[in-house]
Amino acid sequence: MENRFARFHPLVSFLFYAGSVSLLILMLHPIFLGTALVIIVLINFFHDRLSGLRRWKFFLITTFILMIILNPLFNERGRHLLFEVGTHRVTLEAVVYGGMNAMSIIGVIALFVSYNVVMPPNKLLFLFAKILPQFAVLLMLTLRFIPLMRRRLEEISVVQRSKGISVSHGKWNRRVRTGMLYVQTLLTYSLEEAIQTADSMKARGYGMGTRSSYEYFKFRNADVLAIIYLVILLSLIIYCRSFGYGFLTVYPVMEAWKLSHLDMGALTCYLMFLCFPLFVEAGGWYRWRLSN
Amino acid sequence: MAFIELTNVTFTYPDCSEPAINNLSLKINKGQFVVLFGASGSGKSTLLKLLKKEIQPHGKLLGQIVIDGQPVQETEGLANDIGFVFQDPENQLVADDVLHEMVFGLENIGLPPNEMRSRVAEMVHFFGAESLLARKSHQLSGGKKQQINLASVLLMQPNILLLDEPTAQLDPVSTREFLDMLKRLNDEFGMTIILAEHRLEEVFTLADQIIMMEKGQVQIEGEPKEVIPKIWNSANKDYVPSIPALFLSMNGEGSVPLTVKEGRSWVQRAMADPYGEKEQVSTPLLDDVRIRAKSISFRYEKKSDFILNELDLSLKKGEFYALLGGNGSGKSTLLKVMAGLLRPEVGKVFYDKKALKSYKDHELTRRIGYLPQNPKLFFLQDTVEKEILETIDQWELADATEADNLLNQLGIAHVKTSHPYDLSGGELQKAALACLLLRKPEILLLDEPTKGLDPISKRRLAEILLELNAAGMTIFMSTHDIEFAARYATKCGMMFQGNITSEDIPRRFFKGNFFYTTMIQRIFRDLVLRVPMTLEEVSRQCASIEKL
């Protein structure tokens with residue numbers, strides 16, 4: 001299925017992901033975080049039918065469980081005692097605090113999974129090329145070189161295995177030595193080859209003057225509207241947050257979970273912000289139905 | 001006044017006693033197609049790089065290089081006037097996707113986005129590369145990569161195009177395509193093109209002027225038809241492509257034919273049905289199968305397509321098998337599977353009737369010598385000598401004098417103390433071969449050993465291989481070099497879509513092919529009953545007829 005959100009200007013996507021990550025970190029409140037997680041899973045569902053999240057399933061679950069267990073293990077503070085293991089106090093506060101952090105972190109990871117679907121590296125590159133053209137070139141080279149080096153290392157290990165030299169057989173000190181030789185060969189070889197890359201860059205006028213950048217993406221009206229929408233909501237939420245709304249104080253005394261009116265207001269804005277990709281998909285679907 | 005003019009140019013690299021370019025003078029007119037050739041290390045690349053200020057190598061330069069009335073040293077902003085395409089398709093790439101790669105040069109010269117857009121649109125259309133734009137550059141075949149490199153350079157609208165062995169790594173069809181593109185640029189836009197090349201079969205037909213270099217000097221220069229007889233009569237006979245060589249070896253009369261068309265019309269004029277049908281000379285082969293692949297399938301990733309698809313292959317003892325096929329048809333993968341470096345997903349490889357798996361790694365490596373496509377990766381040590389000592393140590397070979405003999409035999413004793421990366425392509429190839437031969441393998445698997453070799457090194461390599469072959473070594477090589485395969489191999493195979501679609505002895509193998517065939521075959525196709533494949537065959541056939 002075509003992903004309508006990805007068709008927005010990279011700035012919109014970037015703003016959404018940067019905003020969402022900061023919200024997940026700032027708004028530590030179980031209700032906020034819980035709804036956010038549901039929404040993020042929904043976004044992932046609409047973008048790639050959860051295939052990305054499935055790959056991260058194991059990592060996500062272990063992180064979540066580890067964080068919930070570890071916090072009460074090291075932290076005994078809090079008034080509401082749940083139970084005691086030997087002399088170790090397990091408090092409700094510790095569990096809630098650990099749980100909130102765990103949700104926040106897996107939320108951020110899940111967001112990045114969806115980010116990878118929507119923002120391939122060239123979009124990020126495009127954004128940076130505007131502000132920092134030299135940095136963009138560096139980023140571009142790095143993006144090419146990391147997988148290139150990995151392929152080369154594989155190639156070296158295949159070629160060396162054909163000579164009977166390998167890192168998976170023999171005494172371990174010999175293996176370490178061979179491994180070092182591999183890396184050394186990889187580096188000298190890559191440097192040697194990079195001379196040609198450098199020549200090819202210079203031959204195409206790199207470093208001659210100020211760089212311009214090819215415009216892969218046009219800024220449309222919809223993009224402007226989306227940015228206004230996102231920025232207004234984000235500022236409202238952060239304004240509320242600066243007065244302590246949308247945040248559950250756990251220590252020293254845990255607040256009630258009940259939401260005040262302003263908390264509710266903040267939650268509404270928060271939901272509207274996070275649901276933006278869903279609105280886009282829904283709107284697109286609706287328009288499709290109307291036109292057909 | 002000439003467009004490009006060099007007067008008494010001498011160039012010496014730092015720490016070198018011999019100059020790389022020695023008192024060279026040269027004139028090239030606007031709109032000419034010039035082909036530079038000569039042995040590796042004769043200064044072709046250096047000369048090309050000297051013409052472009054941005055990539056001039058460090059060293060001492062004497063003399064004058066003037067382009068379009070301006071000395072190269074004093075010019076500013078020539079970057080977009082002169083385009084340069086390098087040998088290695090991969091190393092020139094900067095970006096990881098094709099569109100970024102194409103516009104890289106335009107961004108560098110600060111072209112406004114609108115103009116960039118229109119130039120890109122036009123160029124992409126010219127190259128028919130619409131479908132490639134969003135692809136990752138490393139997924140493209142070598143031929144396509146080189147076309148993208150050319151496109152990226154052409155987007156800057158150069159007047160002069162310099163190319164340093166651009167087709168060295170391309171298969172015959174991609175090479176043809178690339179050269180056609182150059183021809184069009186030269187014909188339709190009057191672009192001045194200077195091309196350095198080793199494989200001269202096809203480029204001589206395109207050139208207005210050919211320049212042969214030796215030791216940093218221009219040896220022979222002029223129009224191809226006038227100059228070729230001179231080369232033929234010098235010590236550098238090997239450089240003459242097979243069609244003019246056929247003409248010259250038969251003492252033909254009239255102008256030298258260069259293209260297949262000219263060759264065919266000459267042959268028709270010169271010999272009306274020169275020889276009738278003759279019996280096939282069947283080469284007796286020992287029926288002793290050395291290595292055998294039985295319906296093997298292989299793919300790199302679970303979800304990707306099969307690179308090798310139910311492939312069968314058997315190599316007999318003493319066979320010299322040449323495997324041809326396009327870039328990315330799976331030749332390298334097959335070699336790796338045969339060497340036991342990759343495990344086939346389905347099927348088995350048998351070595352001396354025992355499954356490859358049942359051998360210990362050690363036993364197998366001793367018997368199978370594998371020369372990778374990129375011999376640079378073969379060397380872990382920083383000199384050739386250390387690498388050899390390491391090999392002797394690893395395989396517990398007592399004799400160091402044997403190694404010296406081998407080096408002498410291969411003619412690379414002088415590079416013993418050099419760093420492998422400082423050797424030329426041919427020397428590197430032989431140094432790696434020396435390390436392989438030390439452990440006395442029974443089978444040699446060579447991945448494109450003729451890549452980037454000049455004709456003379458190629459002939460020497462062939463001599464070495466034939467000698468080994470005669471001593472009973474089984475040789476299996478992949479190559480893009482059809483003339484080489486036709487001349488030396490005892491059997492040829494064609495790789496297509498993960499399978500060997502046809503295999504036969506060279507003369508029958510090449511008979512039916514259109515692109516994958518030799519120049520001589522193209523000339524005699526349909527003209528005589530027994531179509532010869534190589535120059536040697538022609539002279540042998542003629543000789544036998546005279547005897548009758």
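The conversation below covers the model, its chains and one residue.

Author: This is a predicted model, in which local features need pLDDT of at least 70, side-chain atom pairs count only at pLDDT 80 or more, and totals for chains, interfaces and linings use all residues. Residues are numbered from 1 along each chain as its sequence is written, chains are lettered from A and ligands numbered from 1 in the order in which they are written, and side-chain values use heavy atoms, with hydrogens and water left out.

Reader: Into which domains is chain A divided?
Author: Chain A has domain 1 (8-130 + 218-291) and domain 2 (144-204), with bounds from an automatic or database domain assignment. Over C-alpha atoms, the centres of domain 1 of chain A and domain 2 of chain A are 41 Å apart.

Reader: And how many helices and strands does chain B have?
Author: Chain B has 19 helices and 20 strands, counted as DSSP runs (H or I, at least four residues, for helices; E, at least two, for strands) numbered from the N terminus. Along the principal axes, the C-alpha atoms of chain B fill a box of roughly 70 × 55 × 50 Å.

Reader: What share of chain B is buried?
Author: Of the 548 residues in chain B, 57% are buried (under 20% relative accessible area, 1.4 Å probe, protein chains only).

Reader: Where does Thr365(B) lie, and is this residue buried or exposed?
Author: Thr365(B) is in helix α11 (residues 361-367) of chain B. Its relative accessible area is 9%, so Thr365(B) is buried.

Reader: Which residues does Thr365(B) touch?
Author: Not counting residues up to four places away in sequence, Thr365(B) touches Arg161(A), Ser162(A), Lys163(A), Gly164(A), Trp395(B) and Arg439(B), where contact means heavy atoms within 4.5 Å.

Key:
Buried means under 20% relative accessible area, exposed over 50%, partly exposed in between (1.4 Å probe, protein chains only).
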